[in-house]
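Thanks for asking me to look this one over. My notes follow as numbered points, with the working terms spelled out as they come up.

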Amino acid sequence: MLFSSKSQVMIKAMKWTDQHDLELIKEILTERPFDNPKGSRRIGLVWERIVDNLNSRADIVFNLKDIRAVRDRYNLLAKKYKKKEREEINASGIGTDEPSELEDAIEEAVALFESQEEDREKEKTAKDEDRSQAEDVRLVALETARETAKRKASGNDSFRAKKTAIVEFLRDKANQDIEYRNKELEHKTKELEVRKQELAIRSKELEAQTQQNQNLLNTLLEFAKNR
């Protein structure tokens, strides 16, 4: 009985060398992932392109599975570079060794990542300030509109109050005029009544005088006849 055997191939993790690191940093400086915000879809596409470019190299073997491999490797190189730089500055302020091509490349990449991130933070801060200023302007405009509405309402109330006062004044004046005219009419009526009474008395006096004159005339005529 024949038994078929399967050979098991152990895929070893890629071993990074200085040459691999240098080619990675060169590819980063060429493709410029730092031009895109962290976590964006665009920067993910750039890292994918870097992986494809490195895996397709014929002069050096890369066995990269995904973008995490190159991204984590760069972060590790940047972290080591920054630590070494701090140690050298704290020790003497001046590096003792001439930087290698790899160190120069890492320094440039780190500076570009930090510079672009700083620019994006400034831009974000400026946008936030613009939004804050726009919100302040909106609130001021809203408050102004409210104050204007209040003034208009107050103005309307004042106008209505003035209008009411004018109406009341005119009504009072009309009532006073009517009362004055009524009193004047009453006074004239009384005067006419007195005048009427005076005329009646005068008329009676004239009538009596006329009758007296007539009687006197009749007496004279009678006297003349008898003579």
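1. Leaving out residues up to four places away in sequence, M14 touches H20, V61, F62, N63 and L64; contact here means heavy atoms within 4.5 Å. M14 and F62 are 48 residues apart in sequence, while their C-alpha atoms are 7.2 Å apart in space. M14 sits in the segment before α1, and with a relative accessible area of 18% M14 is buried. The classes used are buried for under 20% relative accessible area, exposed for over 50%, and partly exposed in between, with a 1.4 Å probe and protein chains only.

2. A word on the source before you read further: this is a predicted model, in which local features need pLDDT of at least 70 and side-chain atom pairs count only at pLDDT 80 or more, while totals for chains, interfaces and linings use all residues. Residues are numbered from 1 along each chain as its sequence is written, and side-chain values use heavy atoms, with hydrogens and water left out.

3. Now the overall layout. The protein has four helices and zero strands, and from the N terminus its elements run α-α-α-α. Helices (H or I, at least four residues) and strands (E, at least two) are DSSP runs, numbered from the N terminus. Of the 227 residues, 16% count as buried. Among contacts between residues at least 6 apart in sequence, 63% join residues at least 24 apart.

4. Which residues touch the most other members of the largest nonpolar core? They are I25, I28, W47, L64 and Y74, out of 28 residues in that core. Such a core is a set of buried Ala, Val, Leu, Ile, Met, Phe, Trp, Tyr and Cys residues joined through side-chain atoms within 4.5 Å. The elements giving two or more residues to this core are α1 (18–31), α2, α3 and α4.

5. The largest pocket has a volume of about 370 Å³. It has 16 lining residues, and K38, W47, Y74, N75 and F113 are the closest to its centre. Two or more lining residues come from each of α2 (41–55), α3 (67–91) and α4, and α3 gives the most, with six. The lining divides into seven nonpolar, four polar and five charged residues. In this count Ala, Val, Leu, Ile, Met, Phe, Trp, Tyr, Cys and Pro are nonpolar, Asp, Glu, Lys and Arg are charged, and the others, Gly among them, are polar.

6. For the pocket search, a 1 Å grid is laid over the protein atoms alone; a pocket is an open set of points where a 1.4 Å probe fits, with protein on both sides within 12 Å along at least five of seven lines, and lining residues have an atom within 4 Å of a point. Grid points are joined across faces, edges and corners, and a volume is the space filled by probe spheres set on the points.

7. The second largest pocket holds about 260 Å³ of space. Eleven residues line this pocket, with Y81, E88, P99, E103 and E107 nearest its centre. Here α3 and α4 are the elements that give two or more residues, and α3 gives the most, with four. The lining is made up of two nonpolar, one polar and eight charged residues.

8. A search of the whole structure finds 16 salt bridges, each a side-chain nitrogen of Lys or Arg within 4 Å of a carboxyl oxygen of Asp or Glu. One of them pairs R32 with D35, the closest N and O atoms being 2.8 Å apart. R32 is partly exposed at 33% relative accessibility, and D35 is also partly exposed, at 33%.

9. D128 is partly exposed at 29%, as is K124 at 47%. R171 is partly exposed at 41% and E168 at 37%. Finally, salt bridges that share partners join E23, R57 and D59 into one network.
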